[in-house]
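This briefing covers selected helix and strand arrangements. The chain is shown below.

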Amino acid sequence: MRLVSLTCSNTEIIWALGRLNWLVGVDSNSDFPPEVARLPRVGPDLQIDLDKVEALRPDLVLASLSVPGMERVVEGLEKRKIPHLVLDPQTLQDVYADIERVARWLGLEQQGRFVARAMQQQMAQARGTLPHWVRPPRVMVEWWPRPMIAAGRDSWVTQMLAVLGAENAFAHLPVRSKPLTPAEVEEAQPDLITVSWCGAKKLRLEVVLGRKLDIPALKNRQVYALEEAYLGRPGPRLAEGVKRLAELLRNVPVWQHGARP
C-alpha cells in the first residue's frame, strides 16, 4: 500500500496504526514521528503540489478540510482522479470515527478500534488526577495572538476540556475558531490561557501576559505554552494533549476542595 498524507494529523494516524512504512510522501509540516523526516515532501497544506503527489503513485491520499482553503486541494485530487479520503472532524467523537474509518480503508479495523479506545482510556486517566472544583475552570485555547483567535464551540478542544471537567471559555460561540475583541475575552473571563499558536516557532508568553485585560488568567498568571501539535491536530496525540492540559489545570485556583480519590 502506497499512502500520501497531506496533513500532520493524518500522518500521525498512520503512525498510530503501525503502518508508517506505507507512507511514500507527506506534507511539508508533518514532523512526527521523527522517521517522517526522510519522506518526500509535497508542499504545505494550502499549497500541495499535486504533480508531486501524482508522481508518487499513491494507492490512497489522506486529505483534510480542517484548514480553511483546503477545498481547492481536494478539488484538484478529484479532477486528477487520484484516490483519496477526506477527513474533516469537529468533535472528539469525529476524531475517533475518522481513525477507525482510515483503519477500515487500510484493512486494519481492529487496530483502529484499539487506537480510539486507548485514547479514551488515557484521557479518563488524566481526569482522575485532578481535584474537585466548585465550578469548572474556563480555558482559552489561543491559536493566534494578533488578532486574538481562540477555539470555539465547534472544536474538538471543547470535548477535550470537558473530559477533564473544565470548560472552553468560548463554547458559547458556534464556530470552530474566531478572532476575538478584548471585550469578548473579558466577558468570557478565562481562568487559564494556553498559548498554542498555529505554525509559530516560538510561543512567547510575555505577549499574552502583557495584555491589559481584566481576566483571572492574567491576574493569577495562569498562562502556559502548550504546543499546537497536542491540541490542533485531530489525531491520536490529542490524548497526550489532554494529559498536558490536566497538568496545567492542577495549578488553577478555582476554589478547589479536596483531591479526587
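Helices H5 and H10 are roughly parallel to each other, because an angle under 35 degrees between their axes counts as such. The model is a predicted one.

**Helices H5 and H10**
- The axis of H5 (residues 109-127) comes within 9 Å of the axis of H10, and the two cross at roughly 0°.
- On the H5 side the contact is made by Met119, Gln122, Met123 and Ala126, which meet Leu238, Ala239, Val242, Lys243 and Ala246 of H10.
- An α-helix has 3.6 residues a turn, so residues three or four places apart point the same way.

**The open sheet**
- In the order S2-S1-S3-S4, 4 strands form an open sheet with parallel pairing.
- The edges are held by S2 (23-26) and S4 (84-87); each has a single partner strand, so one side of each lacks a neighbour in the sheet.
- On average, neighbouring strands are turned by 20° against each other, direction ignored.
- S1 (residues 3-5) pairs with S3 (residues 60-64) in the parallel sense over 3 bridges, and Ser5 stands opposite Leu62 in S3.
- Helix H1 (residues 8-16) lies across S1, S2, S3 and S4 and runs at about 130° to S3.

**Helix H6**
- Trp156, Val157, Thr158, Met160 and Leu161 are buried in H6 (residues 156-163).
- The cover over these buried residues includes helices H4 (92-105) and H10 (238-249), together with strands S6 (138-144), S7 (148-151) and S8 (167-168).
- Gly165, which follows H6, has a positive phi near 80°.

Note on methods
Residues are numbered from 1 along each chain as its sequence is written. This is a predicted model: local features need pLDDT of at least 70, side-chain atom pairs count only at pLDDT 80 or more; totals for chains, interfaces and linings use all residues. Side-chain values use heavy atoms; hydrogens and water are left out. Two strands pair if DSSP finds at least two bridges between them. Axes are lines fitted to C-alpha atoms, for helices over the stretch in contact, and angles run from 0 to 180 degrees between N-to-C directions. Contact means heavy atoms within 4.5 Å. Buried means under 20% relative accessible area, exposed over 50%, partly exposed in between (1.4 Å probe, protein chains only). Angles under 35 degrees count as roughly parallel, over 145 as roughly antiparallel, 65 to 115 as roughly perpendicular and the rest as oblique.
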